[in-house]
Amino acid sequence: MPNTDVISFSRGAPSLDIVDTDGLKASAVAALDADPAGVTGYGTSVGYGPLREWIAAKHGVNTENVLITNGSMQADAFLFDQLVKPDSPVIVERPSYDRTLLGLRQRRGELHPVRVQADGLDVDELESILKGGVRPTLAHIIPNFQNPAGVSLSGEKRVRLLQLANEYDFTIFEDDPYFDIRFRGEQHPTMLDQDEHDRVVYACSFSKTVCPGLRTGYLVGPAGLIKRIAEAATNTYIAPNMFAQATIHQFAVSGRLDRSIATVRTALEERVDQLAASLRAYLPDAEFVVPDGGYFLWVDLGEGVDCAKVAAAAAEEGVQVVKGTDFVLEGGESCLRLAYSAVKADRIDEGVRRLAKAVETSKGR
């Protein structure tokens with residue numbers, strides 16, 4: 001019979017013990033006390049004004065360059081609707097976030113995958129594609145603790161990407177929800193910070209630093225593009241969730257956000273280190289890069305392993321994982337994405353032990 005004591009490495013979400021629920025309660029009350037009309041009204045499609053100003057200051061831009069949305073996935077959708085038409089060439093990472101691939105496919109973009117290395121996107125491969133005649137409208141890049149690979153784009157590669165965007169006239173979509181969740185290593189400047197020619201549109205989210213339930217993300221980009229997206233947002237939902245955004249604003253200005261980020265970093269570092277140690281112990285032939293931040297570890301179980309069979313066998317053992325094939329247009333059969341964010345450190349070893357058993361079981365199917 002299937003094990004009903006489930007350990008889930010499938011969802012990129014924080015466990016409840018690292019969500020500051022008391023701080024969120026206090027911030028919601030503070031938001032209602034400070035601005036009852038703004039919190040309870042419709043608002044505008046660009047988002048809650050004080051939070052918009054806070055985000056603009058964080059990134060050193062004008063408020064007209066910022067638009068806040070109901071989660072960063074909605075920000076992605078608005079941007080894709082503006083820039084991706086049927087058969088538009090789009091550069092994507094291989095592997096990449098499955099929902100991003102879905103959104104681009106739904107808009108019938110012509111996707112050109114570029115492999116991800118231990119230091120991020122293979123810029124040499126990208127340059128070869130560009131020299132071969134592909135002229136993308138957009139390159140989707142997750143620069144920090146990439147989902148699903150867990151790796152980060154080096155400083156040198158960020159500079160080269162900007163140079164290529166200028167030379168070949170495309171937009172870099174810097175999708176960066178994990179920026180603040182670095183627990184070791186060097187923090188590189190964003191491409192947005194280094195952009196001198198309006199080549200970068202930047203997206204981020206509070207889902208990973210506060211909690212996903214408040215569904216608040218944002219875009220930073222050229223004012224003209226943000227204005228067009230704001231018009232589309234008005235026609236889509238009039239305005240995003242003012243109450244959630246005002247709560248996050250109070251959470252940020254009170255100092256609770258910084259404390260929340262510190263808590264998340266500490267917990268995730270412990271969890272990923274335990275995950276790496278357990279993988280080495282129970283699956284010694286597996287290949288992986290230990291992330292310096294973020295939520296995910298990408299593991300290659302080796303030639304001859306079928307991730308679909310592993311995932312099915314793991315479910316029977318009470319472990320949930322996500323198949324590597326979900327994150328690529330082709331390939332990934334021997335890979336899994338393991339999300340360690342929602343699993344407490346004292347449960348990870350048991351989870352990997354079960355996973356190793358599932359790998360062995362799958363070989364006989």
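Visitor: How do the residues that line the second largest pocket divide into nonpolar, polar and charged?
Guide: This is a predicted model, in which local features need pLDDT of at least 70 and side-chain atom pairs pLDDT 80 or more, while totals for chains, interfaces and linings use all residues. Residues are numbered from 1 along each chain as its sequence is written, and side-chain values use heavy atoms, without hydrogens and water. With Asp, Glu, Lys and Arg as charged, and Ala, Val, Leu, Ile, Met, Phe, Trp, Tyr, Cys and Pro as nonpolar, the lining of the second largest pocket holds ten nonpolar, three polar and five charged residues.

Visitor: How much space lies in the second largest pocket?
Guide: A pocket is an open set of points on a 1 Å grid where a 1.4 Å probe fits, with protein on both sides within 12 Å along at least five of seven lines; lining residues have an atom within 4 Å of a point. The space in the second largest pocket is about 390 Å³.

Visitor: Which of its lining residues are closest to the centre of the second largest pocket?
Guide: This pocket is lined by 18 residues. Closest to the centre are Arg94, Pro95, Val116, Trp298 and Cys335.

Visitor: Which element gives the largest share of the lining of the largest pocket?
Guide: The largest pocket holds about 620 Å³ of space and is lined by 24 residues, with Arg11, Gly12, Tyr97, Arg99 and Lys208 nearest its centre. Two or more lining residues come from each of helix 4 (72–83) and helix 5 (98–106). The lining comprises ten nonpolar, six polar and eight charged residues. Its largest share, three residues, comes from helix 4.

Visitor: Why do the buried residues of helix 6 line one face of the helix?
Guide: In helix 6 (residues 123–131), the buried residues (under 20% relative accessible area) are Val123, Glu125, Leu126, Ile129 and Leu130. They line one face because, seen down the axis of helix 6, they fall within an arc of 155 degrees.

Visitor: Which exposed residues does the face of helix 6 turned away from its buried side carry?
Guide: The cover over the buried residues of helix 6 includes strand 3 (89–94), strand 4, strand 5 (120–121) and helix 7 (155–168). On the face turned away from the buried side, the exposed residues (over 50%) are Ser128 and Lys131.

How values were computed. Grid points are joined across faces, edges and corners, and a volume is the space filled by probe spheres set on the points. Helices (H or I, at least four residues) and strands (E, at least two) are DSSP runs, numbered from the N terminus. Buried means under 20% relative accessible area, exposed over 50%, partly exposed in between (1.4 Å probe, protein chains only). The arc is that of the directions from the helix axis to the C-beta atoms. Contact means heavy atoms within 4.5 Å.
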